[in-house]
Amino acid sequence: MTTLETIRNAFSGAFNQVAECVAYAPGRVNLIGEHTDYSGLPALPMAIDRGTFIAVAGDESGVVEVRSEQFAGVARLTRAVPDAGAGEPWQRYIAGALAELAEVSPGRGARVLVSGDLPTAGGLSSSSALTVGLIAGLAAAWGERLAPEEAARRAIIAEKHVGVETGGMDQQVIALGKGGQALRIDFLPPATRYVPIPEELRFVVAASGEEAPKGTAAREAYNERVVAARAAAVLLAHQMGFEIESDPPLLAHVADVDVVDVLVDELPEKAPARDAARTAGIAIERLTTLTNGEVDPALKLSIRRVARHVLSEAGRVDAAEAALAAGNLKAFGALLNESHASLRDDLRCSTQALDKVCAAMRKAGALGARLTGAGFGGYALAAVPAGKEDAVIAAAVAATGGPAFAVVASDGLQLL
Ligand code: NG1
């Protein structure tokens, strides 16, 4: 297990000098509200008791050198042109973080060691923990202590530049998490509030056994859903007789209208973004342009199913928050199961292994289980009554080989 002491010792061993500061950024598990953030609709995640330590010592080299036993190779990125040095996928997060710190002591460099106990297989937000922690740790070493909200804001932009059109849930809960509490995040208008987790409710996370790497295929599958949701938003607004003026158009802009559930059924089952833009009379770029790249305007998107998932999932976030407040664990568990079914059947980001591990955990006594995070592999989450954790963990390991472990709601970003 990595601790402040072990990372400090490892830093001295690696660089033959003492670390000036250590940032700790936890992972997160999203309780409910999956694939909603990029539509401006709420999510309910919590920071967990596993995370990433980032030990830093500043220097005057103008170069940032990052080492980690978790990732292959050593990154050596020049502050002036950080993109040029980023080879391995994980190094692109460093380049993104450096781009978002361009104005902080621009001539300075740093040596960085990354270590921790957060699995990188997908679903527990290792990429955002790395990005948030790097931004906070490097800024501190260069003389600027960023507020957690500001570290999150910069990390969201950094990750978008890496190529995933992230909605921003992960970075916010990693920065703002609190022990014993989930964090309800609203995006339009932006707001957060803490939601206490009942004492008798426990959480287990379990690997599906399939990596959900942020490589090309997973990134494209994610970005396609982002654009399908935008296309659904403009078509629904068009059906209601108005045009969404903000950019990009989001399902949040139509979600509050009473008839929206009925109108969703009239959306095209599959259509390219190009057709949606033509029908709504708007420029195609408003749908397909991403921060880094674009989605092919001719690609057929599952507009109706994506909209049905996103809008129904937003309703489940409200219901889940109410169930937690009322201590109604049974209702909370049932909502997790409904979320999984919707992600599997409508958003289509589950896999057989995720379905299998969720089913195994339910059978072993979980109140409910669902994939967590973007899906396409990675981790599943189970809500478990206190005392049943070991049985649920054993069932998950028997189903997929593990790992599976209990997680608790924990504090967010810290500078140690
Ligand atoms: P993960 O599981 O970290 O890939 C992604 C997005 C979130 C959110 C979820 C789906 C990033 C960094 N995170 O999470 O913003 O959209 O998918 O709910 O892209």
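**Chat about a predicted model**

A: Let's start with Pro26, which sits in strand S1. Helices (H or I, at least four residues) and strands (E, at least two) are DSSP runs, numbered from the N terminus. This is a predicted model: local features need pLDDT of at least 70, side-chain atom pairs count only at pLDDT 80 or more, and totals for chains, interfaces and linings use all residues. Residues are numbered from 1 along each chain as its sequence is written, and side-chain values use heavy atoms, with hydrogens and water left out.

Q: Is Pro26 buried or exposed?

A: Pro26 counts as buried, because its relative accessibility is 0%. Buried means under 20% relative accessible area, exposed over 50%, partly exposed in between (1.4 Å probe, protein chains only).

Q: What is Pro26 in contact with, leaving aside its neighbours within four places in sequence?

A: Ala47, Ile48, Arg50, Gly51, Ala129, Ile174, Asp411, Gly412 and Leu413. Contact means heavy atoms within 4.5 Å.

Q: And where is Glu34?

A: Glu34 is in the loop between strand S1 (21-32) and strand S2 (44-59). Glu34 has 2% relative accessibility, so it counts as buried. Beyond its neighbours within four places in sequence, its contacts include His309, Glu313, Leu343 and Arg370.

Q: New topic. How do helix H11 and helix H12 cross?

A: The axes of H11 (residues 303-326) and H12 (residues 329-347) come within 10 Å and cross at roughly 170°. Axes are lines fitted to C-alpha atoms, for helices over the stretch in contact, and angles run from 0 to 180 degrees between N-to-C directions. H11 and H12 are therefore roughly antiparallel. Angles under 35 degrees count as roughly parallel, over 145 as roughly antiparallel, 65 to 115 as roughly perpendicular and the rest as oblique.

Q: How do the residues of that contact divide?

A: The contact of H11 with H12 has 10 nonpolar, four polar and seven charged residues. Ala, Val, Leu, Ile, Met, Phe, Trp, Tyr, Cys and Pro count as nonpolar, Asp, Glu, Lys and Arg as charged, and the others, Gly among them, as polar.

Q: What follows H12, around Arg348?

A: Arg348 lies in the loop between H12 and helix H13 (352-363). Arg348 counts as partly exposed, because its relative accessibility is 47%. Leaving aside neighbours within four places in sequence, Arg348 is in contact with Arg225, Arg305, Leu343 and Phe376.

Q: What about phi of Phe376?

A: Phi of Phe376 is near 65°, a positive value in a residue other than glycine. Phe376 is in the loop between strand S13 (368-371) and strand S14 (379-385).

Q: Which peptide bonds are cis?

A: Among them are Leu188 to Pro189, with omega near -10°, and Asp247 to Pro248, with omega about -10°. Most peptide bonds are trans.

Q: Last one. What lines the largest cavity?

A: Thr52, Gln70, Phe71, Val114, Leu118, Thr120, Ser126 and Leu130. About 40 Å³ of space lies in the largest cavity. On a 1 Å grid over the protein atoms alone, a cavity is a set of points where a 1.4 Å probe fits but cannot get out; lining residues have an atom within 4 Å of a point. Grid points are joined across faces, edges and corners, and a volume is the space filled by probe spheres set on the points. The lining has four nonpolar, four polar and no charged residues.

Key. 1 Å grid on protein atoms, 1.4 Å probe; cavity = no way out; pocket = protein on both sides within 12 Å on 5 of 7 lines; lining within 4 Å.
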